[in-house]
Amino acid sequence: MIFVIAHKELKALFNSSLAWTLLALMQLVLAWIFLGRLDAFLEIQPQLIQLANPPGLTEIIVAPVFAAAAIVLLMATPLLTMRLIAEERHNHTMTFLISAPISMTDIVIGKFLGMMIFFSVIIALVIALSISLLVGGTLDFGLLLSNAVGLFMIAACFTSLGLYISCLTAQPAIAAAGALGGLLALWAIDITMNDVNNIAQDFSIFKHYENFNRGIIDTFDLVYFMLFTLTFLVLSIRRLDGERLRG
Amino acid sequence: MTENSLMLTISAHNLSRNFGSYTAVREINLELRHGEVLGFLGPNGAGKTTTMRMLTGNLAPSSGSVEIYGIDLLDRPRDAKMHIGYLPETPPLYRELTVNEYLRLAAKLHRVSKIKICSALDEVKLQCGLKDMGKYLIGSLSKGYQQRVGIAQAIIHDPDVIILDEPTVGLDPNQMREILSLIRNLGTKRSVVLSTHILSEVENVCDRVQIMHQGQMVFNESMTGVKQKKISLEEIFSQLTLNDKTSEKI
């Protein structure tokens with residue numbers, strides 16, 4: 001049943017021009033950043049050769065592109081997640097799902113899964129961008145993998161938060177604004193944090209992403225992302241279940 | 001067959017629902033047998049829709065119980081919902097899907113097996129007069145056709161209990177007649193709850209009639225009983241539902 005919902009979600013997504021526009025724009029922005037980094041690399045290449053252990057293509061080009069991709073996703077996710085529940089309510093189609101013999105958990109997980117499949121497409125495009133470097137050099141595939149895993153995990157966090165906020169309202173626009181506000185606040189923790197050993201660091205979503213970005217897959221980071229995602233998924237399910245009680 | 005016809009398909013006891021301090025539905029009882037069509041009447045705001053939402057598991061009752069085919073809706077919602085087809089007041093349609101895509105989705109969500117989906121789709125389209133509409137986007141259909149798609153999604157999984165909230169709204173007289181004859185056909189093998197404002201619909205189609213007013217069930221009689229007593233539904237309806245309202249306003 002989860003897959004039926006996920007399939008329906010993807011269909012709705014690709015039936016609308018929003019998904020295609022977002023895919024195109026994201027790829028445009030990321031390709032731009034990618035080319036910018038490539039330029040920078042070519043400029044400093046003569047100096048790099050003199051170093052004993054010079055950073056490679058992956059560190060200089062791929063990692064920054066993935067860091068930028070996380071920010072772009074932060075902006076794009078609210079646009080995608082806003083419709084998940086809010087639009088179903090707005091169009092009175094939530095009844096259709098609730099009347100069917102499926103649980104709220106199926107609905108929430110199905111919708112989440114659908115979004116994650118869409119994000120996998122975005123991540124695959126970023127990976128494809130990075131792999132194009134093989135034409136003129138070598139890549140550190142370990143670092144690329146860690147970046148891809150990190151981007152997937154952070155996308156899961158964004159989606160679960162956006163999904164939860166979409167559960168709170170019947171207006172997609174409000175859901176988008178709410179999710180964007182929430183995600184920017186998470187980002188702000190990272191920016192305002194000045195000290196290294198701050199407790200807020202443990203809660204900052206981007207600090208955890210940074211580790212993946214540098215090629216470190218730490219269980220603490222993995223657990224953080226999973227707990228974050230799980231928390232908002234459970235909150236979403238509880239919220240929708242509670243709604244039948246409150247009316 | 002006799003055993004089947006005696007079987008209770010819906011049985012709701014002392015069903016109540018409060019919204020804050022406002023009581024929308026107060027301790028109503030509702031029983032429906034196999035092969036019965038129940039006409040559910042009442043003025044606007046009487047609690048019909050609230051009751052139907054409770055019967056379909058869209059709204060949890062404040063107190064009372066609902067059983068569908070002997071399965072408790074609150075304890076085992078998934079098993080109970082398998083037997084229900086529901087058309088809400090506003091048909092729950094995805095405008096961006098085609099009729100075929102939408103009905104196929106409805107079938108899948110109701111666990112119709114893959115092999116049966118195609119034949120179920122064809123049959124339901126035939127029943128609801130949507131034969132040539134399969135490839136159209138739902139958003140581009142007229143109100144009447146959208147209403148038919150709404151009915152089609154409620155019956156595609158061949159449910160034993162069909163709950164229709166004002167199914168004939170927005171239909172022209174011909175379509176209305178078609179839909180009513182469809183409902184009558186459905187009612188021979190299943191149980192149907194039909195909420196409506198049009199009394200003649202009830203007289204033509206229903207086996208039993210219940211009238212709700214201000215959250216309470218004020219009238220419950222079989223259609224043959226009504227006919228034997230030679231009272232018109234219209235009179236009963238206005239008698240039962242008009243008095244309080246006028247006195248309340250004064």
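Trainee: Which helices of chain A cover the buried residues of H8(A)?
Mentor: This is a predicted model. In H8(A), the buried residues are Pro172(A), Ala175(A), Ala176(A), Gly178(A), Ala179(A) and Leu183(A). What covers them includes helix H3 (57-81), helix H4 (83-90) and helix H7 (141-167) of chain A.

Trainee: How far apart are the end C-alpha atoms of helix H8 of chain A?
Mentor: Helix H8 of chain A runs over residues 172-192, which is 21 residues. At 1.5 Å a residue, the helix should span 30 Å, and the distance in the model agrees with that. The end C-alpha atoms are apart by 30 Å.

Trainee: Against which elements do the buried residues of H4(A) pack?
Mentor: The buried residues of H4(A) are Arg83(A), Leu84(A), Ile85(A), Ala86(A) and Glu88(A). Just after H4(A), His92(A) takes a positive phi of about 60°. The buried residues of H4(A) pack against H3, helix H5 (94-99), helix H6 (104-131), H7 and H8 of chain A.

Trainee: How many helices and how many strands are there in chain A?
Mentor: Read along the sequence, chain A has the pattern α-α-α-α-α-α-α-α-α-α-α. The count for chain A is 11 helices and 0 strands.

Trainee: What is the radius of gyration of chain A?
Mentor: The C-alpha atoms of chain A fill a box of roughly 70 × 40 × 25 Å along the principal axes. A compact globule of 247 residues would have a radius of gyration near 18 Å, and the value for chain A agrees with this. For chain A the radius of gyration is 20 Å.

Trainee: Which residues touch the most other members of the largest nonpolar core?
Mentor: This core has 129 residues, and H7(A) gives the most to it, with 15 residues. Leaving out residues up to four places away in sequence, Ile154(A) touches Ala70(A), Leu73(A), Ile205(A), Tyr209(A) and Phe225(A). The residues that touch the most other members of the core are Ile154(A), Tyr102(B) and Leu194(B).

Trainee: Is Pro101(A) buried or exposed?
Mentor: Pro101(A) lies in the loop between H5 and H6 of chain A. Within 10 Å there are 20 other C-beta atoms, and 20 or more is the cut-off for a buried residue. Pro101(A) is therefore buried.

Trainee: Which residues of chain B does Pro101(A) touch?
Mentor: Pro101(A) and Met1(A) are 100 residues apart in sequence, yet their C-alpha atoms are 9.4 Å apart in space. Pro101(A) also has contacts in chain B. Those residues are Arg78(B), Lys81(B), Met82(B), His110(B) and Arg111(B).

Trainee: Which element gives the most to the side of chain B that touches chain A?
Mentor: The contact takes 22 residues from chain B and 18 residues from chain A. On the side of chain B, the residues divide into 12 nonpolar, 5 polar and 5 charged. The elements of chain B that give two or more residues are helix H3 (77-81), strand E6 (84-87) and helix H4 (99-109). With 3 residues, the element that gives the most is H4(B).

Trainee: Which strands stand at the edges of the open sheet in chain B?
Mentor: The open sheet has 4 strands in the order E2-E1-E4-E5, with antiparallel pairing. A strand at the edge has a single partner strand, so one side is left without a neighbour in the sheet. The strands in this position are strand E2 (22-33) and strand E5 (71-72) of chain B.

Trainee: How many bridges join E1(B) to E2(B)?
Mentor: Strand E1 of chain B, residues 8-19, runs antiparallel to E2(B). One pairing between them is Leu8(B) with Arg33(B). The hairpin of E1(B) and E2(B) has 2 residues between the strands, and Gly20(B) takes a positive phi near 65° there. The number of bridges that join E1(B) to E2(B) is 8.

How values were computed:
Residues numbered from 1 in each chain as written. Chains lettered and ligands numbered in written order. Predicted model: local features only at pLDDT ≥ 70, side-chain atom pairs only at ≥ 80, totals over all residues. Contact = placed C-beta atoms within 7 Å. Nonpolar A, V, L, I, M, F, W, Y, C, P; charged D, E, K, R; others polar. Expected span 1.5 Å × (residues − 1). Buried ≥ 20, exposed ≤ 12 C-beta atoms within 10 Å, placed from the backbone. Rg over C-alpha atoms; globule rule 2.2 N^0.38 Å. Core = buried A, V, L, I, M, F, W, Y, C linked by C-beta atoms within 7 Å. Pairing = 2+ DSSP bridges.
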